[in-house]
Amino acid sequence: LFELHINAKNNTFFHKNVSNVISNIFIQRALNNTNIITKLNKEIQKSKNTYINIADILPADNSDIDIIRFLFAPETIQPKVFLQMCQKVVTLIDESGIFGKNATDKDRTTFAKEQAALSFFSKIIAHFDELLENFDFVSDLDTLKKIYSKIAMAYRISFKGEPLKNLQILGMLETRSLDFDNIIILSANEGRMPE
């Protein structure tokens, strides 16, 4: 989304950024119609333009596409509006049923990492929104992206796992009283054990 709006020119969007956004699995799930995605990708390829006017590939009379039309709004160049759009994306993904109460067990296990990442993304957006309310320090999306990248790198996502299944990641102190057939020790170097 950052790249889509940073690379936009005169209400047109770079074709690869458009294709990446509409090909995202969560956007596809929100649309709930793979024929629309295929048709949009064919329209992008058929136009052979580097920059695409969204009105040309997103027909106004198609109500199925209205769900994602806000992603291509030309006024999202302002950081505050962009953050509101990001929050709408989080809501859209939540309502699409991948993570919500209507999600299948398979979806919950398949997208566990993505659900944790989406939760942190939502927290970062809320943090930014709060900062922008008090301090108007970001004037363009490029600056917002740089600050977002720094904040995102500082966040640590803790992954949850079932103790009796698959792979367990433990610290050295947690392994004292456990009995395993195979142990893989990472970051051990010349007699120095990891902390």
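Colleague: Which backbone oxygen does the side chain of His5 reach?
Modeller: The one of Leu71, at 2.8 Å. Keep in mind that this is a predicted model.

Colleague: Where is His5 found?
Modeller: His5 sits in helix H1.

Colleague: And is His5 buried or exposed?
Modeller: Buried. Its relative accessible area is 4%, and buried means under 20%.

Colleague: Let's talk confidence. Where in the chain is it lowest, and where is it highest?
Modeller: Helix H7, residues 105-110, is lowest, with a mean of 70. Helix H1 is highest, at 89. So His5 belongs to a helix, and that helix has the highest confidence in the chain.

Colleague: What does the chain average?
Modeller: A pLDDT of 77. Of the residues, 76% score at least 70.

Colleague: New topic. Where is Asn10 found?
Modeller: In the loop between helix H1 and strand E1. The helix covers 2-6 and the strand covers 12-14.

Colleague: Is Asn10 buried or exposed, then?
Modeller: Exposed. Asn10 has 76% relative accessibility, and the cut-off for exposed is over 50%.

Colleague: What about the phi of Asn10?
Modeller: It is near 50°. That is a positive value, and Asn10 is not a glycine.

Colleague: Where does Asn11 lie?
Modeller: In the loop between H1 and E1. Asn10 is found in that loop too.

How values were computed. Residues are numbered from 1 along each chain as its sequence is written. This is a predicted model: local features need pLDDT of at least 70, side-chain atom pairs count only at pLDDT 80 or more; totals for chains, interfaces and linings use all residues. Side-chain values use heavy atoms; hydrogens and water are left out. Helices (H or I, at least four residues) and strands (E, at least two) are DSSP runs, numbered from the N terminus. Buried means under 20% relative accessible area, exposed over 50%, partly exposed in between (1.4 Å probe, protein chains only). A polar contact is a pair of N or O atoms within 3.5 Å; within protein, one must be able to donate a hydrogen and the other to accept it, and residues adjacent in sequence count only if both atoms are side-chain atoms. pLDDT is the predictor's confidence in each residue, from 0 to 100.
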